[in-house]
Structure formats: structure tokens, C-alpha cells
Amino acid sequence: MSLALEMFAVAPSGGNANLSEAQRHLLAGKARWIRAAWEEGLPTIPTILVTRAAWDALQSERRQSASRLRAHWVATLFRLVGRDSRPPPLVVRTASDRTVSGLASARAGLPAPATEAEAVDPARPLGRAIADAFKSYASGNADDIVLVQAVAQGEIIQFLSRDPQSGSIGPAPLPGGAVPLSPEAAELSEAIDRLAARHMSITVAAEKGGLTFIGARPWQATAAAELEAATDRVERGVWSEEQAVASIDPDRMVALLHPSLRPGHAQEPIAVGLGVSPGAASGYIVFTAEDAARYKARGRHCILVVNETGPADIDGMKAATGILTARGGMTSHAGVIARITGKPCVAGVRTLSVDPADQSCRIGDLVLHAGDRISIDGSDGSVYAGVLPLSRPKIGGALGELLGWSNASRRIEVRTNAETIEAATTALSFGAEGIGLARSEHMFFARERLAALRRLILSADEADRKAALHGLVDYQTADYAAIFKTMAGRPVCVRLFDPPLHEFLPRTDEDIEETARSLGLELRALRLRLERISEINPMLGHRGVRLAVTYPEILEMQVQSLLSGARAAMADGGEPVALEIMVPFVSTAHEVTWVRQRVMELVDAAALPRASRERFAFGTMIELPRAALRAADIARHVDFFSFGTNDLTQTTYGISRDDAPAFLAAYQRKGLYEIDPFVSLDQKGVGELIATAIERGRAANPALKIGICGEHAGDPASLEFFARLNVDYVSCSPYRVPVARLALAQAAGG
């Protein structure tokens, strides 16, 4: 494009100003909205544009005493002159599509050039202001732009096109500001909202004759306001339902489902960890599950503060308003349970040390005691001393409406990870279409159940194990029956027992002594047993399918419980149960066939009703690289694959997800890792394994169903990748179900 065409009228004072596609491409930031307002026929302050390339060419020409481009520049400046033929005072502004620190502020009240030479002279006011504006751009791109406007007459007023809290159409005041009394302000708000399709701060000049549009820029609004605005634009006919679905950032939707810290507080955090479960909470510090339960019984909010959580803490985690841990990451015990229960959680706070015996903790140099109050933000990982005000989520029908529209384009089913009625009910309220991962061992986190599970794990021989299994069968039968009833015929995929044993065994002296008493064991005998079953690397040890192979009675107990639960749920005319049994942590097809044979013998003997038997499925989790590579061998013996992306990431990288926070941040700072692979899927490495497994698995078994049940199933970037692989369903924590529904709809629409 000729450099002469890179200086042109965006909104002339009179006459036409047709733009080529190349010129329209140069419009950025304020320039775009000024042009849109002018084309809409709104009273608009006269504005022209010049690019860096054109200005540099004007300066080169000036030094050579030439005038070809200068003549065009002067003619462009004359497009700012009004009907009175008097050159107005001028304003010079920068314009960018994004916020750039260091950009020059508007320079106003500049006299119009008296001569053509003065119009390009960098020593004169206009030329100096333009040169300074270009200098403030750090990019140095040839298509950086500067705007020159006529000075507006009248009072300069700013207001918002929509309310940034409620999303209602404006005019809405800026904080501490006011809005024009003129009815044109409402028209202008609607027009700019229609043109920009986002919350905007509008600047106008108010005179007796009305309002003149000067410019607009994007304004940050709450996630709730953006949601309400999107549905309102559909009702007004500005957007289609598809456009509304595409407009919402799925990550921001999480904020709609949880309390958040009220904006505007000026307090600095005393520590920052990992925000592993969204939402915010304030409350009294407690260090034990018992104290958390006592606070809850008194109707008082509390924050459970521990070095790390384990199964023995589950009652305290449920009772607490929020959770704070010194160790752990996104997929730590604390993070997983907090997301299931919808509690905010900050983990991996390296400056936190907890002394439960002294009922105190230290965060850096600050010592806090039980009963002191703190606030945590599980979205960004911040920890604050004292109580900060919270904003409670206020959602009308906009969320349901938007998610309903998303179903029109979404092709992938969204299930949930759930083991309790509470979690399943929450997920169903968010539109979950089934359970994609019910982790059997998570059903034993309550104290009395944990004792039964420990009795099983600590059994010395088969006879002891069978005796310990009796209590567990009753628990599981009732649990599964309740879940099947709640899900009302929707698929329920149950992962067979997969406890890394260390997570369920007592660790502290106090816990070991209590376990010995509850199990009727001598303390010395218990310690010896714990030593014998201790593993160096339990995450790669005696777990998953290996438990089923070494202790077949555990496999039999669990399948019998599942089938009994299914029969109980279907008694008295209940919906046919759609049970899917999934064997975890396999590496060979031989393991799968060994387990399948025993499971199918029990299923066949159970004589389930025909409708339920036809919906039964047997599958496996793919969470080891060898299983992914040998997917064809395994696929011939299963109905479905479900990728456990948490463990597949661990075993592919050779990184413990719980220990990763100690060094992953340094890796990311130094550019060695672009992302935390436990937060967003590593598409090049782990993703290639998944893609390979799907391709090989479907080639061997065209009817193979594919699911994703790791934490990545709630991450929008990962979901976009899974959508390209044409998976059948994803399964995420209950509060991530709306995120997955929206992200998958956007992936299908894009």
C-alpha cells in the first residue's frame, strides 16, 4: 500500500471517507470504535490517522526538502476543519488493540500548524507530539498508529456502555463518576455495545446541542456481567446464540460458581501458593479435623491449615470453609478433594510451616495461632491476614441459558468425577451426563470407613482379608445403590480399587496409636506390619490392577458390591443401571484379560435385568506409556478406554505431581517448560501418546469408546485438543462441568 494511503481520515468533519480493506486493517483500539461510531451516523469528533511508516517517510522527505507526501498529509489535516473553515486546536493520541505500558498520554490543546512545513516539523508542537507518541510504542512496528483529533467543545464526560457488575445496558457510571443526563447517552451506549460487543468506557463531549463521541476503550467487567450481557445481546437480536457461546471465556466461568474476594481491597498477601481449587474464603485457623467440625457445629467459618492432607483429614476438609497446605500441587490429595467438594484451596505455600502440637503456624516471619483469622483465594493462590469481604455468586438464568445454547453445537458428552451423592447431585445441577470416574477408594475417607479399609490393607493373610471385606461390602453396596439411583439410568463408570497404600495408612505417632486401638492390634505389631508393607515409590507400586491380581478377593468383593448395588437401585421399578467397570493402571493386555474373565463371570452369574446387562461395559484406564503404545492389544478385550491424564503425565515425564511445585515454577521462569503439564495437557508429548493410543485402539476395535477422566478434562486448552481427537466423553470435577460444556461447544463451533 502506498505510504500516502497510510495517512487518512477516520472520521472527517464533513464529506465522505471511504476506506480500503488495507486501511481498515490499520484501525486499532480507539480508531476502530471512532470509525464504527462515524459509520453509524453518530456525532463523532473529527479524527485522522497516520502510521509510523508514513510519518517516518514524511521526516525523510522533509530532510530532502521534498513535498509530495507532505501535500497529502496537509490535505488530510484539513479533514479536521469544520464548517467555519477555522483550523481547530488539536489532540494527539496513541491507539492500540491491547493495553501497553508506557504509551504516551493524550497531548491536547496543540495549535494547528500555520504552514505546510510546520505540519511535519518535529520541533513544532504537533510534530513533537506525534514523534513522542510513536516513540512511546516499544514495538517499533511500521503499522503502529497515532490519531490526531480536533479538540472537542464542551464538558468531557466518561461513562460505561454497560454496568460492569450486573451487565445491564448503560449508561453506567465509572467508579465515583456520573453519567450525562442527555437521552443520547442511552442511544450511544446501545450503539457502542452493538458495535464493540463488549463492555466499553465511552468518552464524549457534552454541549447543549447533545453529545459528541470522542473515543472508547474496553473496560474490565465481572464474569457474571459478561454472561448477563451475552444473553442480553441475544435477546436484543445483536448476537446469535452461537456468538454468545463463543464470547465467554470458559476459565472465567469458574468464578461464577464460587465466592470471590470483593474487588478493590488494597491488602497485600502474606504468602502466595498454588490456587488449586477456585473460590475464596475467610475464617478462623484450625489445625485438626476435630476442631474444624467443632467450628462448623457452632456455625463459624474456619480454614484448615496443615502441611498436607490425607484421608484422615476428609471430615475436617468437609467441615472447613477453605483449606491451606504447605505442600502439594494441582493433583494433590488436598486439590482433588477440595475441587470435588467445591471448597477453595491454596496448596504448596513454601513459606508455610505448621506445628500442630503447638497449635500454630509460621508464614515467613509471621506466627499465627489457632483462632487467628485469615483469608485465602483459591483462584490465584493468595493468602491474607485477617478477614477480607467476599462477593457471593449471584447467577440468574443466564448461565443455564448459555449452557443450553452450548448443547446445540457440542458433540462430546460431559460427565463428572464423583463418589458421593452430594458431588453427583451438584454435577447433575450443572448438566453432567453421567459419571465418568467413580474412585472406589474415595468412598472410604470417613473415619469409620477408613478404619475398615486399614483393616483390609493391614491384613496379614487371606483369611484376615476376607474377614475385613465383610464390612466394606455393606458400605459399598449401599453407596453404589444410592449413586445409581441418583444418576437415574445415566452411565456410571467405576474404577476398580486403586489406592496407593501410603495414602490410607497412619503416619504420625498419634494416628498409629489410634489405629492400633481401633483395630485391636498391639502397637509394636502394627509398626512392624507398616514397615513390611512400606514402599519406596508407592505411586508406582502395589496399586491398581496389581491389587486385583495379588488379592483376587478384593476384586470379587468390589464387583459383588457393584452388582448388589445395581440390583438394589433397580428394585421397585428403578431405572436400568448403566454400569461401566474400569480396571486401572494396566500395562499389558494379559492383565486386562485376567481381570475381565473374573469380572464377566460375576456379571453373568448376577443375572442382571436385560436392559441393564445390555448397557454394561468393561474397560480400562490408559495411564501408563506402555498401555498407550500397546493400545491395539488391549482394545480387543475392552469396550472403552478412559485416559487418566494425571498419571499418564506423571509416568511420561517421570515427575511426581505432588513434588513438582518445588521446581516447575523455576522451569517455567527460565522458559524450559511453557506450561505446567499437570494444569494444561502437554499436547506434544502426552498428547501424542493419547492420539497414538486412540488411533491404534480404534483400528483394532472400531466400536471402542474413548473417554478422558484426568484433571485436564476441565481445562479449556486441553479440551480443545481432546475435541480434535474426536473423543466420546470427558469427565471432570463437578464444578468444572459448566466449563467443559462451554469449552467443548466453542471447540465444535470453531
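Is Glu-433 buried or partly exposed? At 29% relative accessibility, Glu-433 counts as partly exposed. The model is a predicted one.

**Salt bridges**

Glu-433 pairs with Arg-410 in a salt bridge, with 2.9 Å from N to O. Arg-410 sits in the loop between H13 and strand S23 (413–417), and Glu-433 sits in the loop between helix H14 (421–429) and strand S24 (435–439), so the pair ties together parts 23 residues apart in sequence. Arg-410 is buried, at 11% relative accessibility.

The whole structure holds 29 salt bridges. One of them joins Glu-39 to Arg-24, with the closest N and O atoms 2.6 Å apart. Glu-39 belongs to helix H2 (residues 30–39) and Arg-24 to helix H1 (residues 21–26), so this bridge links parts that are 15 residues apart in sequence. Glu-39 is partly exposed, with a relative accessible area of 41%. Arg-24 is partly exposed as well, at 33%.

Arg-543 and Asp-498 form another bridge, with 2.8 Å between the closest N and O atoms. Arg-543 lies in the loop between helix H18 (523–533) and helix H19 (545–550), while Asp-498 lies in the loop between strand S25 (491–495) and helix H17 (509–519), so the pair ties together parts that are 45 residues apart in sequence. Arg-543 is buried, with a relative accessible area of 3%. Asp-498 is buried too, at 1%.

Some bridges share partners. Arg-162, Glu-190, Asp-193, Asp-232, Arg-233 and Arg-236 are joined this way into one network.

| Salt bridge | Closest N to O distance |
|---|---|
| Glu-39 and Arg-24 | 2.6 Å |
| Arg-543 and Asp-498 | 2.8 Å |

**A negative patch**

Which residues form a negative surface patch? They are Glu-235, Glu-241, Glu-242 and Glu-401. Glu-401 is placed in helix H13 (residues 398–406). Glu-401 is partly exposed, with a relative accessible area of 31%.

**Cysteines**

How many disulfides are there? The count is zero. A disulfide needs two cysteine sulfur atoms within 2.5 Å. For Cys-361, the closest cysteine sulfur is in Cys-302, 14 Å away, which is too far for a bond. Cys-361 is buried, with a relative accessible area of 3%. For Cys-732, the closest cysteine sulfur is in Cys-709, 11 Å away, again too far for a bond. Cys-732 is buried at 2% relative accessibility.

Technical notes: Residues are numbered from 1 along each chain as its sequence is written. This is a predicted model: local features need pLDDT of at least 70, side-chain atom pairs count only at pLDDT 80 or more; totals for chains, interfaces and linings use all residues. Side-chain values use heavy atoms; hydrogens and water are left out. Patches are made of residues with over 30% relative accessible area and no salt bridge: like charges are joined within 9 Å, nonpolar side chains (Val, Leu, Ile, Met, Phe, Trp, Tyr) within 5 Å. Accessible areas come from the Shrake-Rupley method with a 1.4 Å probe; for residues, only the protein chains shown count as cover. A salt bridge is a side-chain nitrogen of Lys or Arg within 4 Å of a carboxyl oxygen of Asp or Glu. Lys and Arg count as positive and Asp and Glu as negative; His and the chain ends are not counted. The place of a charge is taken as NZ of Lys, CZ of Arg, CG of Asp or CD of Glu. Helices (H or I, at least four residues) and strands (E, at least two) are DSSP runs, numbered from the N terminus. Buried means under 20% relative accessible area, exposed over 50%, partly exposed in between (1.4 Å probe, protein chains only).
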